[in-house]
Amino acid sequence: ARLGKGPEIFYFIRRDCWGKGVAFEAVRRMCRYLFDEVRAAALEASIYAELNPGSVRLAEKLGMRAAGRVTLREHGLGDERIEEVVRFDLWRVRVAPAERLNSILAEAAFRIGQTLAENLSSPQARRAALLDQLRARGHIETSAAELVDLKLAEGAEAKGLALYRMHRHEFTV
């Protein structure tokens, strides 16, 4: 799997719009435009599949098929940009609303764990950074530390993003 077969689809839909067909309609129209007007031969989507099964379903509903996985660096993220993403995830843990803390912590730890597969830091340093954010909130429980350990390991195992691809003749919606 490698990038470069066509433009990459990227979208962000606010949570209160999920499940209403907004993403499907927007991305379907974007695909139609890219195939019909831009004359793209293929389109790609890079998805944090384990964190975003809804995007996987959307890609497949549009006609995209799994084409492998790409590391963060293969996706075009340099070390500095990857570290920005890590800092963003650490910030998200620090400011997360209490009712969403565990889910945000799990997402952040998983995504940060993916950087371990890129050899950007040690597992101990990443773990300490996440736990420091929890301590800064006055929140540290054994269960939170266990969640961090589990999700860091899962992220390191996942190694990058799932790559989905669709050629012009596969787009039927």
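Visitor: Among contacts in the protein chain between residues at least 6 apart in sequence, what percentage join residues at least 24 apart?
Guide: The model is a predicted one. Contact here means heavy atoms within 4.5 Å. Among such contacts between residues at least 6 apart in sequence, the share that joins residues at least 24 apart is 77%.

Visitor: In what order do the helices and strands of the protein chain run from the N terminus?
Guide: The secondary structure comes to 6 helices and 3 strands. The C-alpha atoms fill a box of roughly 55 × 35 × 20 Å along the principal axes. From the N terminus on, the elements run α-β-α-β-α-α-α-α-β.

Visitor: Which are the edge strands of the sheet?
Guide: The 3 strands form an open sheet in the order β1-β3-β2, with antiparallel pairing. An edge strand pairs on one side only, and this holds for β1 (42-47) and β2 (65-70). From one strand to the next the twist averages 30°. The edge strands, then, are β1 and β2.

Visitor: Which residue in β3 is the bridge partner of glutamate 44?
Guide: β1 pairs with β3 (residues 161-167) in the antiparallel sense, over 6 bridges. For glutamate 44, the bridge partner in β3 is arginine 165.

Visitor: At about what angle to β1 does helix α1 run?
Guide: Helix α1 covers residues 22-36 and lies across β1 and β3. Angles are taken between N-to-C directions, from 0 to 180 degrees. Relative to β1, helix α1 runs at about 145°.

Visitor: Is alanine 45 buried or exposed?
Guide: Alanine 45 has its place in strand β1. Leaving aside neighbours within four places in sequence, alanine 45 is in contact with Glu8, Ile9, Met64, Ala162, Leu163 and Tyr164. Because its relative accessibility is 9%, and the cut-off is under 20%, alanine 45 counts as buried.

Visitor: How many Å apart in space are alanine 45 and phenylalanine 35, C-alpha to C-alpha?
Guide: In sequence, alanine 45 and phenylalanine 35 are 10 residues apart. In space, C-alpha to C-alpha, the separation is 15 Å.

Visitor: What is the relative accessible area of glutamine 114?
Guide: Glutamine 114 lies in helix α4. Beyond its neighbours within four places in sequence, glutamine 114 is in contact with Tyr48, Arg69, Gly155, Ala156, Ala158, Lys159 and Gly160. Glutamine 114 is buried, and its relative accessible area is 0%.

Visitor: Near what value is phi of lysine 159?
Guide: Lysine 159 is found in the loop between α6 (142-158) and β3. With a relative accessible area of 47%, lysine 159 is partly exposed. Most residues other than glycine have a negative phi. Phi of lysine 159 is positive, near 50°.

Visitor: Is arginine 39 buried or exposed?
Guide: Arginine 39 lies in the loop between α1 and β1. Phi of arginine 39 is near 70°, a positive value in a residue other than glycine. Because its relative accessibility is 56%, and the cut-off is over 50%, arginine 39 counts as exposed.

Visitor: Which helix gives the most to the lining of the largest cavity?
Guide: The structure holds 1 cavity of 30 Å³ or more, and the largest cavity has a volume of about 60 Å³. Its lining consists of Tyr48, Leu72, Leu77, Ile82, Val85, Val86, Asp89, Arg111, Ile112 and Thr115. Both α3 (79-95) and α4 (101-116) supply at least two residues of that lining. The helix that gives the most, with 4 residues, is α3.

Visitor: How many residues in the lining of the largest cavity are nonpolar?
Guide: By class, the lining has 1 polar and 2 charged residues. The nonpolar residues number 7.

Visitor: Which element gives the most to the lining of the largest pocket?
Guide: The largest pocket has a volume of about 1700 Å³. Of the 49 residues that line this pocket, the closest to its centre are Tyr11, Phe12, Trp18, Asn52 and Ser55. At least two lining residues each come from α1, β1, α2 (53-62), α3 and α4. The element that gives the most, with 8 residues, is α2.

Note on methods:
Residues numbered from 1 in each chain as written. Predicted model: local features only at pLDDT ≥ 70, side-chain atom pairs only at ≥ 80, totals over all residues. Heavy atoms only, no water. 1 Å grid on protein atoms, 1.4 Å probe; cavity = no way out; pocket = protein on both sides within 12 Å on 5 of 7 lines; lining within 4 Å. Points joined across faces, edges and corners; volume = space filled by probe spheres on them. Nonpolar A, V, L, I, M, F, W, Y, C, P; charged D, E, K, R; others polar. Pairing = 2+ DSSP bridges. Buried < 20%, exposed > 50% of the residue type's maximum accessible area, 1.4 Å probe, protein only.
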